[in-house]
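The points follow in the order in which I would check them.

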Protein chains: 2
Amino acid sequence: MDKRVLLGHGSGGKLSHDLINRNVLPFLANPILERMDDSAVVDINWRTAFTTDSFVVNPIFFPGGDIGKLAVCGTINDLAMVGAKPIYLSLALIIEEGLPLEELEQVLRSVRSAAEETDIKIITGDTKVVNRGSADKLFINTAGIGMISPDINISGANAKIGDKIILSGPIGDHGISVMAQREGLRLKIPVQSDCAPLSSLVEAMLAYPQDIHCLRDPTRGGLATTLNELAAQSKMSIRIFEDKIPIRDSVRIACEMLGLDPLYIANEGKLVAIVTPERAEEILNTMRHNPYGSESTIIGEVIESRTSRVVMRTSLGASRILDMLSGELLPRIC
Amino acid sequence: MDKRVLLGHGSGGKLSHDLINRNVLPFLANPILERMDDSAVVDINWRTAFTTDSFVVNPIFFPGGDIGKLAVCGTINDLAMVGAKPIYLSLALIIEEGLPLEELEQVLRSVRSAAEETDIKIITGDTKVVNRGSADKLFINTAGIGMISPDINISGANAKIGDKIILSGPIGDHGISVMAQREGLRLKIPVQSDCAPLSSLVEAMLAYPQDIHCLRDPTRGGLATTLNELAAQSKMSIRIFEDKIPIRDSVRIACEMLGLDPLYIANEGKLVAIVTPERAEEILNTMRHNPYGSESTIIGEVIESRTSRVVMRTSLGASRILDMLSGELLPRIC
């Protein structure tokens, strides 16, 4: 058997069954998935979060992760950002003819490992193959189902004046890591993607259910775009302080070299929390005790304003308006 | 503004928000989707079906449908095939840079129309853009959530000896329609895809909840592959009668011309039901009263056998073993 994915693997016939049974199911199997009916069947009795994301990152392997880890963590994080515990996941592969089976299996190992860490179960899936040149190696879609406790009401629309803004760690790692790998750049100090599942961090923070107003992970568009989204949804303004925003030296140097602004670079293992001022320090301490929040810091606050703006007080004391990312910075970063 | 999708529309920044707000949301909007948080939040208290499918059909428009209609109907049908009523849908777009916005909007109009017909709500979504040559126009993933009544237990594993096999109408329409469109073939009699949502047909059939053992839609791999899957899952054999299998003249002629076997050609609006012999006629009559089942017919039965085989009694009285589709027949048919 050829060690690459063939067009016939997408036929729906014998080759498709072989691919699924030999190269996919062994990495993901559980009793629900193994039934192989057209839908998985489970009992759900919850306030439920439902989300979807497709992943088209190029390249599919990068320092700190790959498209498989990203596809699981990305959807887990979207569930966590409304305060949901991740429960079930779907996994749909679009494979370009010619992908080495070894690369597919390496990606699926990452899928399994990320799913196991967060205890999310992959219960339904799909595999398509397209002819060479009609996709770029591998695209993955995941959709997730999560469980929300009834006392939680987290939304981008819930920020209140005076709320504190917490960032869970340094920004820009994912975008710089993927771009350096794609372009073959040799960075002075190598940068690893921060790709990580944030569900355990959020679970710890939910010890303060009433005090967490908004959560969002600053992925495509970076921190500045995410803050603009939250300001617009909440109809508030946000003020942040430049010297409070953690950025690794390696990322800072790479950004200076490349003329990029780290505020607009994608992250895949960070979150922004908007919380009541009364509990901000306690929530911050809780976050710092989690491995994915150990570098958390308060970067600003929600302020009154007629327009929904994000203003950054620079290190020199000037104020600069941060807009959403305009144009296109780094395509196919996730 | 250029009337095509640009790479920057996938940035996650301002252009992404413009695309979503101007070209996507107006077609799909509902209060849950419009919240624009990272996950949709809904209450679920059901035995739940969960499924996913990616659609990579080429071309994206074909007689009788397009990739948008297909993406909604395909997932609705996967929900219906375990006896679930479709409730919520996710919609994730992977767009190739350069896709005319008009084509995107035409696809989204089809999405809306299919969703409205079946009353399924699109409550979460995602949009990615990849550079020219890294995808082929448009790929769509949908994931679906459905509600199953507690008295229903439908699975490919449930066929019993003596059960009757009902097919809901003529086979091969979808595959021939897409292939003719792709290859620019002029068929003597044009063929329309049968792409359709089967949830209303299944809902009517569920008046006999205990008597419906298996349901499956014969998509990729065609009727022969689907029957093989059901035989293997149920550890039974299946006998069908060639002269009972409805095939339109137009499809038969096209298949003869092209050397294709209609038993292996994809359908997108047909189902196979395996039902108790006692109620087979009543279920058949019920199906014939639904617009998507008006040409339903009993094509065979479940028989005892040491191996799980599908045997076809030909018009001439010979027996022929039907295997799963081997190799690749028509790539990117759905």
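1. The copies meet through the same surface, because 100% of the interface residues of chain B are also interface residues in chain A. This holds for a predicted model.

2. Chain B is superposed on chain A by a rotation of 180°, with 0.0 Å of shift along the axis and an RMSD of 0.0 Å. That relation is the one of a two-fold axis. In general, a rotation about an axis and a shift along it relate two copies of a chain.

3. A:Asp53 belongs to strand β1 of chain A, which spans residues 40–55. Is A:Asp53 buried or exposed? Its relative accessible area is 12%, and the cut-off for buried is under 20%, so A:Asp53 counts as buried.

4. Leaving aside residues up to four places away in sequence, the contacts of A:Asp53 include A:Gly74, A:Thr75 and A:Asp78. A:Ile140, A:Asn141 and A:Thr142 are also touched by A:Asp53. From chain B, A:Asp53 touches B:Asp126 and B:Lys128.

5. Which strands pair with β11 of chain A? Strand β7 (residues 164–167) of chain A runs antiparallel to β11(A), and 4 bridges join them. Within this pairing, A:Ile166 has A:Ile298 as its bridge partner in β11(A). Strand β9 (residues 237–241) of chain A also pairs with β11(A) in the antiparallel sense, over 4 bridges. There, A:Ser237 has A:Ile303 as its bridge partner.

Definitions and conventions:
Residues are numbered from 1 along each chain as its sequence is written. Chains are lettered from A and ligands numbered from 1 in the order in which they are written. This is a predicted model: local features need pLDDT of at least 70, side-chain atom pairs count only at pLDDT 80 or more; totals for chains, interfaces and linings use all residues. Side-chain values use heavy atoms; hydrogens and water are left out. Copies are superposed by least squares on the C-alpha atoms of residues with pLDDT of at least 70 in both. Contact means heavy atoms within 4.5 Å. Helices (H or I, at least four residues) and strands (E, at least two) are DSSP runs, numbered from the N terminus. Buried means under 20% relative accessible area, exposed over 50%, partly exposed in between (1.4 Å probe, protein chains only). Two strands pair if DSSP finds at least two bridges between them.
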